[in-house]
Amino acid sequence: MSMKNYDHNMILSVCILILISTNNRHNVLAEDASQCSLPDEEFTTDPALQTMNFDIGYGPQEFKAYVQPDVSTFYQEPIGSRVAKKPQHSGWAAKFINMSTQRVRLFWDPNDGRKGSPMSTLNPFNSAGTASFPGHAFYLTPYNDESVILARFVMSPPQAVYYYDPITVEDDEDATQKNLDKLSHEEFEAYQIHVDSRNFGKQYFDFTGREYLSLYPRNAPTHKLWRADYFRQEHWVTTKETHYIDMPRDDELTKIDLVGSARVLKDGDARVLSQYRDPEPTMNMTLKVVSCAPRAFEIQDFLSQTEVDHIMYLTTGMKLHRSTTAGDGATAKDAERDSTKDTRTSLNTWVYREKSPIIDTIYRRAADLLRIDEALLRPRSKEEYPDLKSKGSLAEALQLVHYDVGQEYTAHHDFGYSDFSLKDTQPARFATLLLYLNEGMIGGATQFPRHVNAETGKGLHVEPKVGKAILFYSQLPDGNMDDWSHHAALPVKRGGDVEEKWLMNLWVWDPVYDR
């Protein structure tokens, strides 16, 4: 079949340009850099990356693909000595791609005669996704006519990516060519990108055993990923952003007015409000591997109690303290907290970095933990990272979340799929730093239901503890999204010393933050 006479070599050259671009700009730390246990080369030479040879019609090419190590190595044992348990959780990511020139709507299909529930709108050549499970059914309709079913999809593992392609007519080259001839130059290029990505995805799956959830080609992350070679592996990193151990006065905790490079703290500069901080010059943060696939780490005492109290006071007017044992007398603050509890159900609010010096410190500490320059987690001056088109932060505002008894967040992914117009960069959430603000509840754990291990099919549970952080990645070292990063917030149950859960999320994007 002869495709329309456009220059495929031009398309190939663009793909190669993107693939060979080695952009390490996000890995440069500020002048006052923290120290860590891994040298730079161990961040950039991940042994799980293997050379994949592939051909999607432009001749042989190579791709450094992530191949999940044998589960035995997670126990530091010889390959083949253990077998991974099948997860009890059967869900996974589902992605739907619209390869047509029309706008369509995606519906969940109840399969019982009722109308479907609208899920997403897909513009031409765009995609949408959701967490799914075997037998989950969906259908597509034209945007303005729900009575016409364009395509139906029934989720069948291990397939995660589903295409609506009305252009190619199976076993009919003439009809396919007529459809191709109707496309404009821009439409044909967009269609061909999806064809190439689909072909690449098949070869990627054969090589790695995973579906390619990104749009080929997507660059490897510009940020560093901590290694998770085996369970309980530990890394350390230092930061000069030490804990606040005493609360500053209210007039010292006002909004930060400095902008851009005026906020840089150089080597030798005193930390902000240092008189209220731990007197040690640096703070050590230890990352302990709790899961190798997905990569997840536990960091004890990331926040101090003073910092937790400040967060809660900023956002709710309340102060949380370490959970009391049964029988402890209630204080006036306890009573105040109880009086507001019923009105705080499902509270979700955002805290921006500039809100106070303590919040700014948390961002700087997080930047050191992630091995990212703090300047990338705030708006920048024009002279800071001039090669970056966007001067906006690569991090979202901190999201404060409250769960009451019985409330939960079922298994989901933090990553999403960018608009097709952003195909050259494909911005997406890269890392999640989850900060626990209270403890003492029954239930309320963070669960990774599909973590790879050789002991149990049950999910990994991380229990809340005041000040503890959990770091996990939504992207793989090769730029694909990590389907195994599925996670859930389990419901809080009655009967604990505390019957609610408070936490905070910090999401960092790669390569840019798409607002």
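The model is predicted. Its secondary structure comes to seven helices and 23 strands. Of the 515 residues, 54% are buried. Among contacts between residues at least 6 apart in sequence, 76% join residues at least 24 apart.

**Nonpolar cores**

- The largest nonpolar core holds 64 residues. Trp226, Phe302, Leu433, Leu435 and Leu471 have the most contacts inside this core.
- Strands E11 (283-291), E12 (296-299), E14 (398-404), E16 (428-436), E20 (469-473) and E23 (500-510) each supply at least two of its residues.
- Leu471 touches Trp226, Leu287, Arg295, Ala296, Phe297, Ile299, Leu370, Ala431, Thr432 and Leu433, leaving aside residues up to four places away in sequence.

**Aromatic pairs and charges over rings**

- The count of aromatic pairs comes to 24.
- Phe200 and Tyr212 form an edge-to-face pair. Their centres are 4.9 Å apart, with 80 degrees between the planes.
- Phe200 lies in helix H4 (residues 185-208), and Tyr212 in the loop between H4 and strand E10 (234-239), so this pair ties together parts that are twelve residues apart in sequence.
- Both Phe200 and Tyr212 are buried. The relative accessible area of Tyr212 is 4%.
- Tyr204 and Tyr212 also pair edge-to-face, because their planes stand at 65 degrees with the ring centres 4.9 Å apart. Tyr204 is buried, with a relative accessible area of 0%.
- Ring pairs link Phe54, Phe63, Phe200, Tyr204, Tyr212 and Tyr216 into a cluster.
- Two arginines are placed over ring faces. Arg82 lies over Tyr75, at 3.8 Å from the ring centre. Arg365 lies over Phe302, at 5.7 Å from the ring centre. Phe302 is also one of the residues with the most contacts inside the largest core.

**Helix H3**

- H3 spans residues 173-181, and its buried residues are Thr176, Gln177, Asn179 and Leu180.
- Down the helix axis, these buried residues fall within an arc of 160 degrees, so they line one face of H3.
- They pack against H4.
- The face turned away from this buried side carries the exposed residues Asp174 and Lys178.
- At the start of H3, a side-chain oxygen of Asp172 comes to within 3.4 Å of the backbone nitrogen of Asp174.

**Buried polar residues in loops**

- Lys224 sits in the loop between H4 and E10. Lys224 is buried, at 7% relative accessible area.
- The Lys224 side chain makes a polar contact of 2.7 Å with the side chain of Asp40.
- Lys224 and Ile372 are 148 residues apart along the chain, yet their C-alpha atoms are separated by 7.7 Å.
- Ser474 lies in the loop between E20 and strand E21 (487-489). Ser474 is buried, with a relative accessible area of 0%.
- Beyond residues up to four places away in sequence, Ser474 touches Asp414, Phe415, Arg429, Phe430, Thr432, Met481, Asp482 and Ser485.

**Backbone exceptions**

- Most residues other than glycine have a negative phi, and most peptide bonds are trans. The following cases depart from that pattern.
- Tyr216 and Pro217 are joined by a cis peptide bond, with omega about -5 degrees. Pro217 is in the loop between H4 and E10. Tyr216 also belongs to the ring cluster.
- Ala293 and Pro294 are joined by a cis peptide bond as well, with omega about 5 degrees. Pro294 is in the loop between E11 and E12.
- Asp171 has a positive phi, near 65 degrees. Asp171 lies in the loop between strand E9 (161-164) and H3. Asp171 is exposed, with a relative accessible area of 79%.
- Gln426 has a positive phi of about 50 degrees. Gln426 lies in the loop between strand E15 (409-412) and E16. Gln426 is buried, with a relative accessible area of 8%.

Definitions and conventions
Residues are numbered from 1 along each chain as its sequence is written. This is a predicted model: local features need pLDDT of at least 70, side-chain atom pairs count only at pLDDT 80 or more; totals for chains, interfaces and linings use all residues. Side-chain values use heavy atoms; hydrogens and water are left out. A nonpolar core is a set of buried Ala, Val, Leu, Ile, Met, Phe, Trp, Tyr and Cys residues joined through side-chain atoms within 4.5 Å. Buried means under 20% relative accessible area, exposed over 50%, partly exposed in between (1.4 Å probe, protein chains only). Helices (H or I, at least four residues) and strands (E, at least two) are DSSP runs, numbered from the N terminus. Contact means heavy atoms within 4.5 Å. Rings of Phe, Tyr and Trp (its six-membered ring) pair if their centres lie within 6.5 Å; planes under 30 degrees apart count as stacked, over 60 as edge-to-face and the rest as tilted. A charge sits over a ring if NZ of Lys or CZ of Arg is within 6 Å of the ring centre and within 35 degrees of the ring normal. The arc is that of the directions from the helix axis to the C-beta atoms. A polar contact is a pair of N or O atoms within 3.5 Å; within protein, one must be able to donate a hydrogen and the other to accept it, and residues adjacent in sequence count only if both atoms are side-chain atoms.
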